[in-house]
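Subject: Structure handover

Hi,

Here is the structure I promised to pass on. Please load it before you read the notes.

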Amino acid sequence: MKDFLRKLELPAFVKDSRLTASLIIVLSLSFVGFIVGLLISPLYGLAMLLLFILTCTFSIYGIYVLAINTNNYASNLSYRIKRGEQEAMIKMPLGILLYDEDQQIQWVNPYLQLFLKNNDMIGTSLKNLDEQLYKSINDAIRDKDTNNRVIRVGKHKCEIVVQNDLGVVYILDITKYAAIERRYQDQRLSIGLIFIDNYDELSQAMGDQNLTDMSSYIQNALNEYAKRFNAYLKRIDEDHYLLLSHMIDLHKMEADRFSILDKVRKESSRCNTPLTLSVGIAFGSESLNDISEQAQSNLDLALGRGGDQVVVRQIGKDAHFYGGKSNPMEKRTRVRARVVSQALQELFKDADHVFVQGHKSPDLDAIGSAIGIVKIARIHGVKANVILDLSELNYDVERLIKKMQEAGVDQEIFISPDEAVQIATDNSLLVLTDHSKYSITYNQSIYDKMKNRLVVIDHHRRGEEFPENPMLVYIEPYASSTCELVTEMIEYQPQGGDGVLNYLEATAMLAGITVDSKEFSLRTGTRTFDAASYLRSIGADSQVVSYLLKESIDNYLKRSYLVSTVDMVHSNMAILSGNDSEIYDAIIIAQAADTALSLEGVSASFAIARRSNSMIGISARSTGKINVQVIMEKLGGGGHLSNAATQLDNISVSEAKERLLQAIDSYLQEN
């Protein structure tokens with residue numbers, strides 16, 4: 001019986017012990033019926049015997065038929081599965097390639113053969129494949145990477161998976177799906193906000209007819225530009241516009257580098273009504289509210305950088321800047337200075353202590369403006385100090401401190417960084433002068449402690465690195481210096497600012513204006529001279545300013561050495577390089593860049609020198625044709641179109657020069 005069942009190759013469910021037990025019970029009952037029938041009657045017993053024999057016969061035959069049918073079904077199903085696998089491997093839209101340990105191709109399925117343009121690749125090296133395909137396979141083998149990689153093979157976009165342990169490459173054509181994704185990305189919405197930078201000031205001096213003509217010109221110019229790129233333009237008010245566009249059209253505008261900026265600036269200048277535009281554009285979220293908020297933030301950034309530029313930023317990504325080719329225009333009205341002065345007074349009244357700090361290695365502009373803010377706070381009865389380590393000072397600031405000590409003038413105005421951190425409370429206020437970047441702030445510990453109670457007063461163009469939630473921001477890139485801005489704020493204090501500053505403090509602020517304006521020759525407007533005139537009227541001494549700015553013989557020789565290393569690149573750019581083993585003062589580096597700019601044929605100058613054992617400083621100057629601010633931003637710095645700088649850590653002077661050359665090349669390619 002066992003041999004018979006073994007020959008049948010019964011399936012597992014037929015060999016089940018429960019089925020066997022059921023069969024035995026049925027046969028046993030039939031046999032018992034035969035015995036009982038035999039006891040009752042021989043004839044009845046014979047009938048029961050016949051029934052028993054039939055039951056055994058049909059049971060065994062039924063099991064036999066069931067086993068055969070089941071085996072046939074399983075064999076047919078197995079054949080169909082294997083045939084399906086073979087057909088799938090041969091005909092399905094999935095390329096399969098087998099290779100050996102020597103990277104020789106052993107087999108490709110017919111679908112992959114279509115990608116190979118019917119070339120017989122079996123027996124050849126993987127190197128004979130499409131260049132991009134081979135590179136991706138080789139990279140995956142080298143990196144032991146089994147993740148999906150997306151590549152382009154001819155006109156097809158493919159996703160490949162490499163299993164090096166099996167010697168198999170799977171290639172899936174995703175061209176159709178990539179086209180759907182690309183169309184989705186192209187149709188995503190971007191929101192732009194356009195602002196006419198100096199509309200208010202120009203409109204105040206215009207007659208109704210000229211104002212109407214100017215408005216019509218701007219409207220027509222923007223409408224034409226929007227129509228050219230299939231964008232939607234809507235005027236919100238006199239100087240604000242809303243711009244909606246698809247991403248595919250935004251990319252075209254970026255490729256065009258937003259030529260509308262140059263067009264409006266040049267054509268309006270010919271009519272003696274110089275207009276500039278600032279634009280903030282955002283995209284990259286499913287929420288239109290998030291995009292609009294980012295667009296407004298981008299517009300604020302464009303305005304903080306001086307206007308006449310476009311800031312494009314995807315939410316959560318770095319910003320891209322376009323334009324910024326003109327110097328910020330001076331605002332003739334002081335309305336904002338008065339408003340900021342009043343707002344600052346209100347903030348001071350709610351603070352228990354005001355701390356003011358400039359940037360690292362503070363110059364006279366940073367220190368002078370900080371002193372001015374402290375004096376404003378004190379006339380309102382608030383404790384205030386300038387954060388400064390008196391043991392590490394630039395030579396000009398050191399002379400100022402000594403002069404103040406000799407004159408016995410408010411020697412308690414300065415406080416050490418450690419002491420400031422200890423006494424600062426949740427109600428204290430931190431004012432940043434002459435900078436807005438965390439990376440270059442004088443003391444980061446006090447910044448971290450008071451990052452939710454910050455005020456920024458600066459004259460540099462605003463960069464991407466900016467405090468998240470400052471309580472007050474006063475950035476005017478048109479101004480010559482931060483001291484100029486603070487001087488105007490002092491004039492709006494009670495009694496016209498009389499008694500706020502003593503003669504030496506006024507002198508310090510005048511020195512700050514003198515330094516940053518390069519003795520009133522750079523970024524100097526009417527308000528610069530107004531501020532200087534006011535400081536002179538309250539006792540600022542120009543002779544003391546000359547003394548503070550007097551250069552030592554050693555510094556003069558260092559500056560001369562830097563100028564002597566001039567290296568001309570791109571025919572009109574001068575690069576000065578200091579000795580890598582020698583430390584230079586920041587002012588010397590800046591002065592060397594100024595000197596190089598005065599040479600014939602130089603449109604931009606860059607002075608590179610070591611500021612400390614671990615830091616390299618670069619000062620950049622320009623006549624205005626080249627935007628050195630953008631170049632310095634590529635190296636993590638910033639500044640103005642014609643005056644910028646950056647600091648690089650843990651590299652040599654030669655390495656800094658190489659990075660500068662790369663930034664210059666990148667700038668020239670973009671422009």
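Predicted model: local features only at pLDDT ≥ 70, side-chain atom pairs only at ≥ 80, totals over all residues.

Residues are numbered from 1 along each chain as its sequence is written, and side-chain values use heavy atoms, with hydrogens and water left out.

**Annotation**

An unreviewed UniProt entry annotates residues 21–40 and 46–67 as "transmembrane region". UniProt positions are in the numbering used here, feature names are shortened, and annotations may be inferred rather than shown by experiment. In the model, residues 46–67 are 100% helix and 0% strand. The end C-alpha atoms of that stretch are 32 Å apart. Helices (H or I, at least four residues) and strands (E, at least two) are DSSP runs, numbered from the N terminus.

**Cores**

A nonpolar core here is a set of buried Ala, Val, Leu, Ile, Met, Phe, Trp, Tyr and Cys residues joined through side-chain atoms within 4.5 Å. Buried means under 20% relative accessible area, exposed over 50%, partly exposed in between (1.4 Å probe, protein chains only).

The largest nonpolar core has 72 residues, and Phe 348 and Val 354 touch the most other members. Helix 13 (residues 364–379) gives the most to this core, with eight residues. A second, separate core has 31 residues, among them Tyr 199 and Tyr 322.

What does Val 354 contact, leaving aside its neighbours within four places in sequence? The partners include Phe 348, Ala 377, Lys 383 and Leu 429. Contact means heavy atoms within 4.5 Å.

Six strands form an open sheet with parallel pairing, in the order 14-13-12-15-16-17. Strand 14 (414–415) and strand 17 (472–475) are at the edges, each with a single partner strand, so one side of each has no neighbour in the sheet. Two strands pair if DSSP finds at least two bridges between them. Strand 12 (residues 353–357) and strand 13 (residues 383–387) run parallel and are joined by four bridges. Lys 383 in strand 13 stands opposite His 353. Helix 12 (residues 335–349) packs on this sheet, and its direction makes about 150° with that of strand 17. Axes are lines fitted to C-alpha atoms, for helices over the stretch in contact, and angles run from 0 to 180 degrees between N-to-C directions.

Another six strands form an open sheet in the order 7-8-6-9-10-11, with mixed pairing. Its neighbouring strands are turned by 20° against each other on average, direction ignored. Strand 10 (residues 309–314) is mostly covered, with five of its six residues buried. Six bridges join strand 10 to strand 9 (residues 277–283), and these two run parallel. Five bridges join strand 10 to strand 11, and that pair runs antiparallel. Gln 309 has Gly 323 in strand 11 as its bridge partner.

Helix 13 has 16 residues, and 14 of them are buried, so the rest of the structure largely encloses it.

Helix 22 (residues 586–597) reaches 17 Å from its first C-alpha to its last, close to the 16 Å expected at 1.5 Å a residue. The expected span is 1.5 Å times one less than the number of residues.

Best wishes
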